[in-house]
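Work through the exercises below with the sequence and the model open. Each task is followed by a solution in steps.

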Amino acid sequence: MRAEQARRRRRRIRLASSAAAAIVIAVVAGITLAVTSGGSGATSLAPSGLSLAPLSTLGALQPAPAPGATGSEGVPVPAAAPLAGLAMAASGQPVDQISCQTNEQILFHIHAHLAIFVNGKARQVPAAIGVPGAQAQETPNGPFIAAGTCFYWLHTHAADGIIHTESPVQRTYTLGDFFDEWGQPLGPAQVGPATGRVVALYDGKVYQGNPRDIPLTAHAQIQLDIGTPLIAPQPVTFPAGL
């Protein structure tokens with residue numbers, strides 16, 4: 001009996017050792033895969049499901065121009081002309097199932113930033129996109145759109161590139177939705193009136209896809225470059241409250 005018990009103990013020890021060795025091998029293999037995948041420079045899949053490539057895939061980039069003066073929201077306003085005006089902007093009718101309501105809706109309230117460069121030159125995203133009948137209020141740092149006939153769930157209060165998402169429902173809004181409110185075309189070869197190859201950046205990486213599909217997530221840093229040279233990203237700091 002004692003001999004049989006000893007044999008059983010030895011067998012349990014061998015099984016336990018084999019299982020431990022298998023776990024170690026699996027862990028090492030997983031680490032090796034992660035390291036080799038991370039260093040390959042290949043396209044990565046962001047946690048949000050976006051297909052992004054390293055910024056290095058674009059080659060040499062021209063440094064971003066100096067930011068403009070700080071605007072009414074505490075974010076620099078490009079010292080440049082607007083990409084386009086508001087003549088074609090939505091004036092109250094629903095757009096992409098986005099309504100225009102008399103009061104701002106804040107159940108779902110986030111902000112993203114959009115920078116635009118045409119042939120290496122900055123362009124403003126104008127204030128009052130998504131605010132028909134906009135009324136500006138003067139502040140020490142420039143105008144701020146404080147009122148209007150109604151507010152679309154996507155809109156701008158200043159010409160600083162901050163896109164406000166203020167919605168009664170939580171859903172995914174895209175850059176295409178915003179441009180549809182603006183009344184401007186957006187695609188792989190056109191941004192508003194500017195035409196040419198469009199390179200889109202999302203949080204410092206190259207977005208691979210139609211720029212219309214870029215999601216307006218909280219504090220997303222989005223940049224559109226039309227033509228050349230391509231400009232290095234210049235992230236903004238979101239002040240408290242944005």
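**Exercise 1. The pocket lining**

Find which strand supplies the largest share of the lining of the largest pocket, and describe that lining.

Solution. Step 1: the model is a predicted one. In it, S4 provides five residues of the lining of the largest pocket, the largest share. Step 2: S4 spans 108-118, and strand S5, at 121-123, also supplies at least two lining residues. Step 3: the whole lining numbers 26 residues, and those nearest the pocket centre are Pro-67, Pro-76, Pro-78, Phe-117 and Gln-234. Step 4: sorted by class, the lining holds 17 nonpolar, seven polar and two charged residues. Step 5: the volume of this pocket is about 370 Å³.

**Exercise 2. The nonpolar core**

State which residues of the largest nonpolar core touch the most other members, and then trace the contacts of Leu-175.

Solution. Step 1: the largest nonpolar core has 39 residues, and Leu-114, Leu-175, Phe-178 and Phe-179 touch the most other members. Step 2: at least two residues of this core come from each of S4, helix H2 (175-182), strand S14 (198-202) and strand S16 (221-226). Step 3: S4 gives the most, six residues. Step 4: once neighbours within four places in sequence are set aside, Leu-175 is in contact with Leu-114, Ile-163, Leu-186, Pro-211, Arg-212, Ile-214, Leu-216, Ile-222 and Leu-224. Step 5: another core, of six residues, lies apart from the largest one and includes Ala-53, Leu-201, Val-206 and Leu-230. As background, nonpolar side chains in soluble globular proteins tend to be buried together.

**Exercise 3. The cavity**

Determine how many cavities of 30 Å³ or more there are, and classify the lining of the largest cavity.

Solution. Step 1: the count of cavities of 30 Å³ or more is one. Step 2: the largest cavity has a volume of about 30 Å³. Step 3: its lining consists of Leu-55, Leu-58, Leu-61, Val-199, Leu-201, Asp-225, Leu-230 and Ile-231. Step 4: seven of these lining residues are nonpolar, none is polar and one is charged.

**Exercise 4. A strand pair**

Solution. Step 3: Gln-135 has Ala-147 in S7 as its bridge partner. Step 4: two residues separate S6 from S7, and the two strands form a hairpin.

Definitions and conventions. Residues are numbered from 1 along each chain as its sequence is written. This is a predicted model: local features need pLDDT of at least 70, side-chain atom pairs count only at pLDDT 80 or more; totals for chains, interfaces and linings use all residues. Side-chain values use heavy atoms; hydrogens and water are left out. On a 1 Å grid over the protein atoms alone, a cavity is a set of points where a 1.4 Å probe fits but cannot get out, and a pocket is an open set with protein on both sides within 12 Å along at least five of seven lines; lining residues have an atom within 4 Å of a point. Grid points are joined across faces, edges and corners, and a volume is the space filled by probe spheres set on the points. Helices (H or I, at least four residues) and strands (E, at least two) are DSSP runs, numbered from the N terminus. Ala, Val, Leu, Ile, Met, Phe, Trp, Tyr, Cys and Pro count as nonpolar, Asp, Glu, Lys and Arg as charged, and the others, Gly among them, as polar. Two strands pair if DSSP finds at least two bridges between them. A nonpolar core is a set of buried Ala, Val, Leu, Ile, Met, Phe, Trp, Tyr and Cys residues joined through side-chain atoms within 4.5 Å. Buried means under 20% relative accessible area, exposed over 50%, partly exposed in between (1.4 Å probe, protein chains only). Contact means heavy atoms within 4.5 Å.
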